[in-house]
Amino acid sequence: MKAVQGKKKNKAANFVIQGSILAMAGILVRIIGMLYRMPLNDIIGKQGNGYYTSAYNVYNILLILSSYSMPVAISKMISARLAKGEYENCRRILKAGLLYATVTGGLAAIILWFGSDFFAGLIKTPYSSYALKTLAPTIWIMAYLGVLRGYFQGTGTMIPTAVSQILEQIVNAIVSVVAAGLLFHVGEGMNAAQGAKNYSYALGAAGGTIGTGAGAATAFIFFVMLTLSKGREVLGEETVPVHTADGSGRAKAESYGRLMYVLTITVLPIIVSSAVYNCSNVVDNFLFGQGMDRLGYTGEEIAVFWGALGQYQLLFNIPVAVSNALSSSLIPSLTRAVSSGNQEETNQRIAAAVRFSMLIAIPAAVGIGVLAEPVSNLLFAGEDNSLLIRLTMAGALAVVFFSLSTVTNAVLQGLNRLDVPVRHAFLSLAVHIILVEVFLMIFHMGIFSVVFANILF
């Protein structure tokens, strides 16, 4: 009995350890992101940062619709079949996922490339179209990367994802700063030739987004090499017994048509809930741009306000990274526990995830609020950070709510209750839209409208 209990505790501990590895990598990635954004911000300024942030918001929505949910869906399918020893089906899932990524990633890339001017005009930052175009190929790469990450996460190891994220961000940091500097000077030449003033900021922002693509390509190459060398070994075929109804020891191979169908019905609710949950930034961008335009603000002024919000989100995203990492390790872990019918193990993993997330999020929220001024002045020295400091102090509480909602969203997905996050996300977004409009157009709270609405969202 003690041996069985010890084994259960080891399984729960392994899930927390894997989540912690990914969380540490996520925090390191966010720190690198903050550090490289300092010289990048010096190069492109708040206006360029506004174009950069606006482009990312549109990119993120198309990424969610095309491939953001792939790691979750693939890891759920892999972990469920590994629990039954269906190794050949795991390999078939990988192939089906890559085919799915080819179609959805390619379609999203085409939409972003040819629709960049439309999207930029819609959010009242027309010069962000240059950054949108450079992000188009990245969506396609990220689709393939999501499948490969999900494959390894489904086996219970988060180390490949953690290593790839660090490599991705290091390359991103280097290329972003160098490309932004080069293209900013090109834009200055265009400004002088055409008597304009915005091309330098627009092209500088595009240089920053080029780094995103370079980082994604590096991570993809890493996973391709890892899959070719370790793809079969990571399934652990020699350690997991196979039990089948006919006693043959061989599981029936699922057809690719069947796997594509299962993948689609797994992906769709995750896409919808993730899209609604994450599209609040694009909705904010649109409502804020349109509202401030009606209030008489120029596109350049709107970009500056949005740039300050982007700097606040850099600080906000560091503690939330822990919850994101726990979610990635929690979903396949819960799926295995549910597939084996182990309710005790399921409850233990849910409780451990929520506790660990809150142990990080609550002190982090207090720290961000209290240390807003020194941290902002350290990261963005030489600027007037008064707006950023007030935004950070006002929005610190959002860390707790976003962390808790991220983990509980993953719990529901791991329990196959995929419909619940969809309903709740739609309800939250509806309330959020009303609040942004009320705060902005009635109370004239400016960029703080977005921060307060996000806390309540």
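1. Let's start with Asn 416, which sits in the loop between helix H14 (398–414) and H15. Helices here are DSSP runs (H or I, at least four residues), numbered from the N terminus. Although Asn 416 is not a glycine, its phi is positive, at about 65 degrees. Its relative accessible area is 45%, so Asn 416 is partly exposed. On this scale, buried means under 20% relative accessible area, exposed means over 50%, and partly exposed lies in between (1.4 Å probe, protein chains only).

2. A word on the model before going further. This is a predicted model, in which local features need pLDDT of at least 70 and side-chain atom pairs count only at pLDDT 80 or more, while totals for chains, interfaces and linings use all residues. Residues are numbered from 1 along each chain as its sequence is written, and side-chain values use heavy atoms, with hydrogens and water left out.

3. Now look at His 444, in the loop between H15 and helix H16 (448–456). His 444 is not a glycine, yet it has a positive phi of about 50 degrees. With 52% relative accessibility, His 444 counts as exposed.

4. How many salt bridges does the structure hold? There are eight. A salt bridge is a side-chain nitrogen of Lys or Arg within 4 Å of a carboxyl oxygen of Asp or Glu. The background is simple: side chains of opposite charge can pair when their charged atoms come close.

5. One of these pairs is Glu 254 with Arg 81, whose closest N and O atoms are 2.6 Å apart. Glu 254 lies in the loop between helix H7 (199–230) and helix H8 (256–278), and Arg 81 in helix H2 (residues 70–82), so the pair ties together parts that are 173 residues apart in sequence. Glu 254 is buried, at 14% relative accessible area, and Arg 81 is buried too, at 11%.

6. Glu 168 and Arg 149 form another salt bridge, with 2.8 Å between the closest N and O atoms. This pair links distant parts of the chain, 19 residues apart: Glu 168 belongs to helix H6 (residues 159–194) and Arg 149 to helix H5 (residues 129–154). Both Glu 168 and Arg 149 are buried.

7. Next comes the salt bridge between the side chains of Arg 294 and Glu 437 (3.7 Å, N to O). Here Arg 294 in helix H9 (residues 280–294) is linked to Glu 437 in helix H15 (residues 419–442), 143 residues apart. Arg 294 is exposed, with a relative accessible area of 51%, whereas Glu 437, at 26%, counts as partly exposed. Elsewhere, salt bridges that share partners join Arg 81, Glu 254 and Arg 258 into one network.

8. Helix H5 also holds Leu 148. Is Leu 148 buried or exposed? At 4% relative accessibility, Leu 148 counts as buried. Leaving aside neighbours within four places in sequence, Leu 148 is in contact (heavy atoms within 4.5 Å) with Leu 94, Leu 98, Phe 220, Phe 223, Val 224 and Thr 227. The C-alpha atoms of Leu 148 and Pro 160 are separated by 9.6 Å, and these residues are 12 apart along the chain.

9. Last, a pair of helices to find on the model. H12 (residues 372–379) passes H13 (residues 386–395) in a right-handed crossing (the near helix is turned clockwise from the far one by less than a right angle). The contact is made by Ala 372, Glu 373, Ser 376 and Asn 377 of H12 and by Leu 388, Ile 389, Thr 392 and Met 393 of H13.

Key:
Axes are lines fitted to C-alpha atoms, for helices over the stretch in contact, and angles run from 0 to 180 degrees between N-to-C directions. Helices (H or I, at least four residues) and strands (E, at least two) are DSSP runs, numbered from the N terminus.
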